[in-house]
Amino acid sequence: MDADTAARTCTDVIDAVSGAVVTDRAFLETVLSGALARGHVLLEDVPGTGKTLTARSLANALGLEFTRVQFTPDLLPSDITGSHVYDARAESFEFNPGPVFANVVLADEINRAPPKTQAALLEAMEEGQVSVDGETHQLPEPFFVIATQNPVEQEGTFRLPEAQRDRFAVKAGVGYPDRAGERELVDRRADRQTTTPEVSQVVPDDALAALQQVPETVTVSDGVRDYVVDVGRATREDDRVEVGVSPRGTQRLFEVARARAVVQGREYVTPEDVKQVAEPVLVHRLVLTGQATVEDADPADVVRDVLDSVQVPAVS
């Protein structure tokens with residue numbers, strides 16, 4: 001698949017999802033860029049803004065198998081990965097796959113499950129496999145996780161550990177629609193008989209696998225590569241930051257910037273691509289100092305200040 005075909009495919013997918021989710025197009029481009037970069041997506045926003053609908057609609061538009069796991073305080077790791085079940089007829093144990101065995105897995109309200117259950121996703125997210133009772137089972141390809149969490153109602157929740165947050169390529173928020181968008185939601189609801197809109201498949205079955213190959217062919221100049229590295233390293237030098245972006249985070253910035261270039265229909269990455277994806281890629285990877293936390297510092301402000309301070313390369 002070439003860059004032009006990939007861009008048209010991405011446009012078709014985003015148009016289809018936009019038919020169900022009223023949100024900023026840039027948000028949908030960020031989510032799709034995360035998928036193209038073979039990463040996972042963390043959606044954080046208040047209830048009722050369309051996080052679950054976004055995940056389901058994206059999977060439907062891409063023609064991928066979709067499962068949803070509602071995370072609760074009593075959810076066990078085996079509820080996600082699956083377990084061995086005794087077959088009385090065969091007189092043996094057989095593996096019963098859990099909901100993680102799908103192309104797109106929605107981990108709904110992931111911060112409501114205890115850390116042990118959250119950790120059950122780590123191997124799946126990083127290695128594309130799960131280990132149960134000493135046996136390793138490969139997950140289907142393509143595979144990516146879309147996790148949601150609410151920034152409100154924190155009682156009874158478990159904050160995602162830094163190691164798990166680092167597994168997500170991007171973190172984004174749907175946000176409230178503007179007045180026209182909210183009116184459009186009401187009009188859409190009035191014109192259909194069901195409460196939840198449905199999105200149909202708009203691309204071939206293997207579209208995502210083909211799309212994920214395209215960023216590998218995108219050209220990134222030496223100047224832009226230096227810019228990516230300098231942005232990542234600059235986060236570690238900010239006085240408000242205790243732990244800056246890891247080398248993995250710098251690589252993710254590089255990968256998602258290439259994916260955004262594909263979504264935009266280009267065969268090369270510009271500094272603007274890096275700037276546009278820097279906040280969703282880096283903000284959740286920063287650990288602020290105690291003093292900065294007390295002063296209500298925002299990691300997003302740190303990323304913006306870093307982008308202002310790092311010299312932008314000239315690209316011909």
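## Basis of the description

This is a predicted model, in which local features need pLDDT of at least 70 and side-chain atom pairs count only at pLDDT 80 or more, whereas totals for chains, interfaces and linings use all residues. Residues are numbered from 1 along each chain as its sequence is written, and side-chain values use heavy atoms, with hydrogens and water left out.

Buried denotes under 20% relative accessible area, exposed over 50%, and partly exposed in between (1.4 Å probe, protein chains only). Strands (E, at least two residues) and helices (H or I, at least four) are DSSP runs, numbered from the N terminus.

S2 belongs to an open sheet of five strands in the order S2-S5-S8-S1-S9, with parallel pairing. Its edge strands are S2 and S9 (168–172), each of which pairs on one side only; two strands pair if DSSP finds at least two bridges between them. Neighbouring strands of this sheet are turned by 20 degrees against each other on average, direction ignored. The axes are lines fitted to C-alpha atoms, for helices over the stretch in contact, and angles run from 0 to 180 degrees between N-to-C directions.

Five bridges join S2 to the parallel strand S5 (residues 104–108), and arginine 68 has leucine 106 of S5 as its bridge partner. Four bridges join S5 to S8 (residues 144–149), also in parallel; here leucine 106 is partnered by isoleucine 146 of S8.

## Helix H3

Helix H3 (51–62) is mostly covered, with 10 of its 12 residues buried. Among them are Lys51, Thr54, Leu58 and Leu62. Just after H3, glycine 63 takes a positive phi of about 70 degrees.

## The cavity

There is one cavity of 30 Å³ or more. A cavity is a set of points on a 1 Å grid over the protein atoms alone where a 1.4 Å probe fits but cannot get out; lining residues have an atom within 4 Å of a point. The largest cavity holds about 50 Å³ of space, a volume being the space filled by probe spheres set on the points, which are joined across faces, edges and corners.

Its lining consists of Val13, Ile14, Val17, Leu28, Val31, Leu32, Thr54 and Leu58. Helices H1 (3–18), H2 (25–36) and H3 each supply at least two of the lining residues.

Terms used
1 Å grid on protein atoms, 1.4 Å probe; cavity = no way out; pocket = protein on both sides within 12 Å on 5 of 7 lines; lining within 4 Å.
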